Amino acid sequence: FTAVLITQGSGMTFAAMFQNRAEQVSAFDLFITAKIPDATLPYYMDYIQDNIAVKDSLTYQLYRGQGTQISEHVNPTDYSIPHCDMLMRFSDYAALRAMLGYSEAALTPGEYLIHCMPHLKNKVLDAASALNTDDGPLHPGAVYTENFNQRWWSQGNGAGFVIVVPDELAEKRPVDYTLYAAMLKHPASEEQYQALDELRNTYCKTEYDSLHLKSHEEEESAAMIAVIVFPLYYLALILTMTAAAILTIQQLSETAHYRRQFLLLDKLGMERTEMAKALRRQLAVYYTMPAIPPVLIGAPMIFSVGNAGEPGTLTGASHPAVIVGNCLILFFLIYFIYILMAYIRLKKDVLPA
């Protein structure tokens, strides 16, 4: 049973991790970043124009802020702190939100916006303070947390967050890197991804450039689930059925002994309803005791596996605590079926008519 919980919980954790990681880098159908845009983007654009049907697209820049105030506060210790907080023009931000179908964002004069990953919202709010500009200070405004390609390990719309400021203020700062985001009319093929990846390997001059194609990320996630997660689920199911069947067969093999006991109780005047209640209590104790140690061992291990991933990967419905709960529910659901089968059979065979 301990092996059942660990394998089942690990399968749920890996499935959620692969799926969430793919979603977090594929908010857009096609997403490209270039540290030196002149070296790579023209080749990308030529190929995309000739081979990929684009519905909407935008080429834009991220700009270097004046410090690392928010980065130092929100960055996890196992990642290097970026050289500066990243800035985005509000017009670019509004266009990207429209491409993704998000609600409109409003930038109030004298304020700036922040878009961050959901698990960083409280940290960002704690670290946000006034930004000094030539036109006066900008104060923190709204914080948005929709999926926006902001994974730590993937060069995207900031490392976990980005600061959205008026266009004229962003343009006064140095450009850090250029990005291209597109929504496609049809999902791109794996051959098209390989062609784009070949262009990156050929012309990319730095290690910071990135390429994300939603269809490729989804296929890669599905492949990882098939290779790693499915065998874990299968093993957990086999172990559950085997262990529960062993316990059930052990109980059913004692049918003759139980029947003699309940016949004696019947002669002593115990009613059949009371005997059925006694049988239920007996099975409850018998089946509960072997499950307690595995739960006490397995649940903390599943929780630890879930917390070992990158920050922000497992959140919401994929939070480690939720995975532990779902794992226990599924385990006990299958377990209860065997308990019910044993009770129905024993009630029929051992209780006096």
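Contact here means heavy atoms within 4.5 Å. The model is predicted: local features need pLDDT of at least 70, side-chain atom pairs count only at pLDDT 80 or more, and totals for chains, interfaces and linings use all residues. Residues are numbered from 1 along each chain as its sequence is written, and side-chain values use heavy atoms, with hydrogens and water left out.

Select Asp 209 to begin. Asp 209 sits in the loop between helix H7 (190-203) and strand E8 (210-213); helices (H or I, at least four residues) and strands (E, at least two) are DSSP runs, numbered from the N terminus. Its relative accessible area is 9%, so Asp 209 is buried (under 20% relative accessible area, 1.4 Å probe, protein chains only).

Now show what surrounds Asp 209. Neighbours within four places in sequence aside, Asp 209 is in contact with Thr 33, Ala 34, Lys 35, Thr 40, Arg 200 and Cys 204. For Lys 35, display the backbone nitrogen: a polar atom of the Asp 209 side chain lies 2.9 Å from it.

Next, select helix H11, residues 292-307. H11 has 16 residues and reaches 23 Å from first C-alpha to last, close to the 22 Å expected at 1.5 Å a residue (1.5 Å times one less than the number of residues). Colour its buried residues: Pro 294, Val 295, Gly 298, Ala 299, Ile 302 and Gly 306.

Conventions:
Buried means under 20% relative accessible area, exposed over 50%, partly exposed in between (1.4 Å probe, protein chains only). A polar contact is a pair of N or O atoms within 3.5 Å; within protein, one must be able to donate a hydrogen and the other to accept it, and residues adjacent in sequence count only if both atoms are side-chain atoms.
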